[in-house]
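Here's a quick briefing to go with the chain you have open. Have a look at it first, then read on.

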Amino acid sequence: MDREQTFIGSGRENCPNQVACRGQKFAAGVADDGSFRAQSDSHAPAEAMPAVASSAPVEPAQDEKKSSGPATAEAARLAEQQEPPRQMLDDYQAGALATQFEDKEPEELLEWAFAKFHPRIAIVSSFQVDSMVLIDMAYQINKQVRVVTVDTGRLPQETYDLIDQICEKYGIEIEVLFPDTHHVESMVRRHGLNSFRKSVPMRLLCCHVRKVAPIQRMLRTLDAWITGLRRDQWATRANIRKVEIDHDHGGLVKLNPLADWTHEDVWDYVRHFNVPYHKLYDQGYASIGCDPCTRAIKPGEDPRAGRWWWEVNAPKECGMHCPIETGGFEHEFKAILGDADHTEGSGI
Ligand code: SF4
């Protein structure tokens, strides 16, 4: 891959929002669907912050929220019913596109994807270095790019710091999702605060409650999602294609523009364009997730060896990118759902 050509061809220039976003606060609110939307404060010029994407949930005022519970829920249900039909691809079309884009630069795939799916497309990121490359690339193509993440409640401080940095540098909104409070409370009551240490099924349950289920809820509102997955990250990712149909999540389109990039390609890009990155990488971390489940790796260890390092013969996956058969956590998850009100979005 001609990396220099990629960099030159990306149309990169100094971010026009770098000055405008300085001093911007990471103010936010939690929407009824559990999403959290960062907004600039009033000191930032209006043009520094892109308008909220038309399909994105609009954040109601706090007073409005308190006084309109059932009415808001009803309005949300009606709005959902009126959503335009998804732009679907079939497996044949996705396969043809994957072949077409296999030798193309990631920017070309992103450009096509934004033209076809925006605003019902988002980068779903935990702010590992791969998705930082994608955010930077996407911002050059579409200043309204949507970036979605989940605050699991167990993230390292450095992740929140990076979110602030992204907001300042690019002036984009980060749509932060949260897990269902009832599910987290129920899990903690039944199994304790550190249940993920007890067994692989307990760890997968925690990942499902805190991370997978909120993302699954969000994916139902999208036509396509973009991930930073690469083939060289882990055995389960060795065969990913740049364009896939995500049959595990309703058949929406899943794009992996960096599928054929290497670890070195990613860091070359970050250094070349001075892209912000997670500071734990400087402390020997190679893959970063929640604070209690991630550690630095030792020289020669696999890059994902620092994730859930106490587990033996278990997948280094949370379950978001590939179905995991455990025979254990699904039963527990159903048990903590409690009542029918919280079954929606379970994804099970
Ligand atoms: S990474 Fe650890 S703390 Fe985070 S959701 Fe998964 S098990 Fe829970």
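This is a predicted model: local features need pLDDT of at least 70, side-chain atom pairs count only at pLDDT 80 or more; totals for chains, interfaces and linings use all residues.

**Around the ligand**

**Ligand shell**

- In total, 13 residues surround the ligand.
- The closest of these are Phe196, Cys206, Cys207, Cys290 and Cys293.

**The chain as a whole**

- DSSP runs give 12 helices and 8 strands in the chain.
- The chain has 348 residues, and 38% of them count as buried.
- Take the contacts between residues at least 6 apart in sequence: 73% of them join residues at least 24 apart.

**Helices H9 and H10**

- H9 covers residues 181–191 and H10 covers residues 200–219; the two pack at an angle of about 165°, and their axes are 10 Å apart.
- Angles over 145 degrees count as roughly antiparallel, so that is the label for H9 and H10.
- The crossing of H9 past H10 is left-handed.

**A cis peptide bond**

- Going from His118 to Pro119, the peptide bond is cis, with omega near 10°.
- Where does Pro119 lie? Look in the loop between helix H6 (106–117) and strand S3 (121–124).

**Positive phi without glycine**

- Asn274 isn't a glycine, yet its phi is positive, at about 55°.
- You'll find Asn274 in the loop between helix H11 (263–273) and helix H12 (329–337).
- Trp308 is another non-glycine with a positive phi, this one about 45°.
- Trp308 also has its place in the loop between H11 and H12.
- Is Asn274 buried or exposed? Asn274 counts as exposed, because it has 11 C-beta neighbours inside 10 Å and the exposed class takes in 12 or fewer.
- Trp308 has 24 other C-beta atoms within 10 Å, so it is buried; the cut-off for that is 20 or more.

Key:
Residues are numbered from 1 along each chain as its sequence is written. A residue is near a molecule or strand if its C-beta atom, placed from the backbone, lies within 6 Å of it. Helices (H or I, at least four residues) and strands (E, at least two) are DSSP runs, numbered from the N terminus. Two residues are in contact if their C-beta atoms, placed from the backbone, lie within 7 Å. Axes are lines fitted to C-alpha atoms, for helices over the stretch in contact, and angles run from 0 to 180 degrees between N-to-C directions. Angles under 35 degrees count as roughly parallel, over 145 as roughly antiparallel, 65 to 115 as roughly perpendicular and the rest as oblique. A crossing is left-handed if the near helix is turned anticlockwise from the far one by less than a right angle, and right-handed if clockwise.
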